[in-house]
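The following paragraphs lead through the packing of a protein chain.

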Amino acid sequence: ALLRNDIEEESAFFREPVKLVEEQLYPVPNYGSANAPFYTALSLWVGSLLLVNLLKTDVHPEDMREDYKVHHVYLGRLVLFLIISFLQGTIVSLGNLFLLGTYAAHPVYFVLFTWLIGFVFMTIVYTLASVFGNIGKALAIVLMVLQLSGAGGTFPIQVAPPFFQAINPFLPFTYAINLLREAVGGIVWSTAATMIGVLLLVFVLALSFGLLLKKPLAKRMQATTAKSKSSRMID
């Protein structure tokens, strides 16, 4: 029976008994492009951190006027920080696309989503620094470290320790990275709309947090800052 069969056909069957038909959904051609959402979000957060250390979040005493309210200072300085955030987002997104050659199925939305994420991240970091001073800057760094491991940016969150899986839904990075992944691989608008909605909610919460707590904590934080400067260890 064996001799009567086609030996070439039999050997081909045993060599490859199963034929796979692969159909790619939302393909990303290279590893760098697949990681672009994580590093783009990270660069926007780091840029916000550097900016609050370079620029003052309050008005200089010589420029302060009696008719300036606390919320005037908070919102006025925020506008400046958001303008710079817009420039940062433009440089990061266009740099990814044209200098690094990052693949994006929807490059225009990649730029738009980067602007949105930059505004949200800048508002969070600025609010922490404006309300809590140097303590707020430290909190922003701690939050960044938690998000590096808890946002599922480089590995699936399912393989992370239970602590990071628990905090994953509460981290802005989670929604920023997923939103940018939509622009890179291909947009499912129901998913993108959810990510955008959560980021806008975080933006509103951060803004409300700053407006509500800036005034009650202003004097206490000024005293803390003055005490820190008196030690001659902090500028």
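This is a predicted model: local features need pLDDT of at least 70, side-chain atom pairs count only at pLDDT 80 or more; totals for chains, interfaces and linings use all residues.

Residues are numbered from 1 along each chain as its sequence is written, and side-chain values use heavy atoms, without hydrogens and water.

Helices here are DSSP runs of H or I with at least four residues, numbered from the N terminus. The angle between α2 and α4 is about 35°, and their axes lie 9 Å apart; each axis is a line fitted to C-alpha atoms over the stretch in contact, and angles run from 0 to 180 degrees between N-to-C directions. Contact denotes heavy atoms within 4.5 Å. From α2, the residues involved include Thr40, Leu44, Trp45 and Leu49; from α4, they include Phe110, Ile117, Phe121 and Val125. By class, the residues of this contact comprise 14 nonpolar, four polar and no charged. In that division Ala, Val, Leu, Ile, Met, Phe, Trp, Tyr, Cys and Pro count as nonpolar, Asp, Glu, Lys and Arg as charged, and the others, Gly among them, as polar.

The interior can be described next. A nonpolar core is a set of buried Ala, Val, Leu, Ile, Met, Phe, Trp, Tyr and Cys residues joined through side-chain atoms within 4.5 Å. Buried means under 20% relative accessible area, exposed over 50%, and partly exposed in between, with a 1.4 Å probe and protein chains only. The largest such core has 47 residues, and those touching the most other members are Trp45, Phe110, Ile117, Phe121, Phe173, Leu179 and Leu199. At least two residues of this core come from each of α2, α3, α4, α5, α7 and α8, and α4 supplies the largest share, 15 residues. A second, separate core has five residues, among them Ile157, Phe164, Ile167 and Leu171.

Beyond its neighbours within four places in sequence, Phe110 is in contact with residues including Thr40, Leu97, Leu180 and Val184. Leu199, in helix α8, is buried at a relative accessible area of 0%. With residues up to four places away in sequence not counted, Leu199 touches Leu116, Ile117, Val120, Pro172, Tyr175, Ala176 and Leu179.

Where is charge paired? The whole structure holds one salt bridge, defined as a side-chain nitrogen of Lys or Arg within 4 Å of a carboxyl oxygen of Asp or Glu. Lys214 forms it with Asp58, and the closest N and O atoms are 2.7 Å apart. This pair links distant parts of the chain, 156 residues apart: Lys214 is in helix α8, and Asp58 is in the loop between α2 and α3. Lys214 is buried at 9% relative accessible area, whereas Asp58 is partly exposed at 33%.

Finally, Tyr26 has a positive phi of about 55° although it is not a glycine. Tyr26 lies in the loop between α1 and α2 and is partly exposed, at 48% relative accessibility.
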